[in-house]
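Me: I'd like to learn how to read a fold from its contacts and rings. Can you walk me through one?

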Amino acid sequence: QNVDVPLAFSMYHLLEHVGLHQKIMNDFPELKFTYNKSSQNIEFYGLQNEILSVKACFLEEALAFSRNGKLVDLDDSIIRFLCEGDQEELNEQLFMSQEISAALEIQGNRVNLLAKTEETLRAGEAQLEKLLTHSCIEVDDSNVLRMSEWQQLVNSLQTSFNQSESRVTVHTDGTLVVVSGFVEAVDAIQKQLHDFVHDNSSVTRTETGRKILIKFIREQKGDVWKEMTKDDIKIDFREDSVSLCGPRVRVTECLQTMKDLIS
């Protein structure tokens, strides 16, 4: 007989971790069962009485974990990170690799921590707090986020870290960049993204000088400042000052050159 029993994959994986699968195979060696991820069902093949016994065993154990489960309070960005990841892999990294018999069950924007005892729940919550985090970067100049170099950097960093155990995701919400995931990866990526935003945000800096010097530079030193500002820097000469506008890191370089000319 073939029988399908609905069960969330996170719960199925958790029951496997606590040894239920092995116990069933030992008690009912002729019974076959597999898990169908797409339908979220356990598919049983065997004698009816054996299937009924094993089905009851699965559901009783699942109920015990669910009854003691707890809704955990997580930032929306971390919930989004969890939703985008492989649930089996995440539960393994967060809990089972540390011999903690717990799992996350995600439904929409609700995250339940499944465990049989209060002690295990506390250990699971401590792992979430220890291993997961998020960081926000405020972007004053939204043009930075439209640069091809920005997207290349984000893609490169996510690809690099998501090949290891320290996964991370980067999302943009208006002028806010949110980095979420494992602490080590978030710390490393946040710094690089922050530095890129800082260096490439548009700023205006002004250097003053005597009128005759400013006029001389504008009229006689065009070969210097035109070469310096030909790509991404705008220059504005006033009677007794020069203003430079563009990416912060380039403006800083060009401003030093202008100071040297004036001096």
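Me: Among contacts between residues at least 6 apart in sequence, what share join residues at least 24 apart?

Reply: In this chain, 65% of them do, with contact meaning heavy atoms within 4.5 Å. Keep in mind that this is a predicted model, where local features need pLDDT of at least 70, side-chain atom pairs count only at pLDDT 80 or more, and totals for chains, interfaces and linings use all residues. Residues are numbered from 1 along each chain as its sequence is written, and side-chain values use heavy atoms, leaving out hydrogens and water.

Me: How do I read aromatic pairs, and how many does a search of the whole structure find?

Reply: A pair of aromatic rings is described by the distance of the centres and the angle of the planes. The search finds 10 pairs here (Phe, Tyr and Trp rings, the six-membered one for Trp, with centres within 6.5 Å; planes under 30 degrees apart are stacked, over 60 edge-to-face, the rest tilted). Trp-225 and Phe-237 have ring centres 5.0 Å apart and planes at 65 degrees, so they are edge-to-face.

Me: Which residues do ring pairs link into a cluster?

Reply: Phe-9, Tyr-12, Phe-33, Tyr-35, Phe-44 and Phe-58.

Me: And which residues touch the most other members of the largest nonpolar core?

Reply: In soluble globular proteins, nonpolar side chains tend to be buried together. This core has 23 residues, and Leu-7, Met-11, Tyr-12, Leu-15, Ile-42, Phe-44 and Phe-58 touch the most other members. (A core is a set of buried Ala, Val, Leu, Ile, Met, Phe, Trp, Tyr and Cys joined through side-chain atoms within 4.5 Å; buried means under 20% relative accessible area with a 1.4 Å probe, protein chains only.) Leu-7 touches Tyr-12, Leu-15 and Phe-58, among others.

How values were computed:
Buried < 20%, exposed > 50% of the residue type's maximum accessible area, 1.4 Å probe, protein only. Lists of a residue's contacts leave out its neighbours within four places in sequence.
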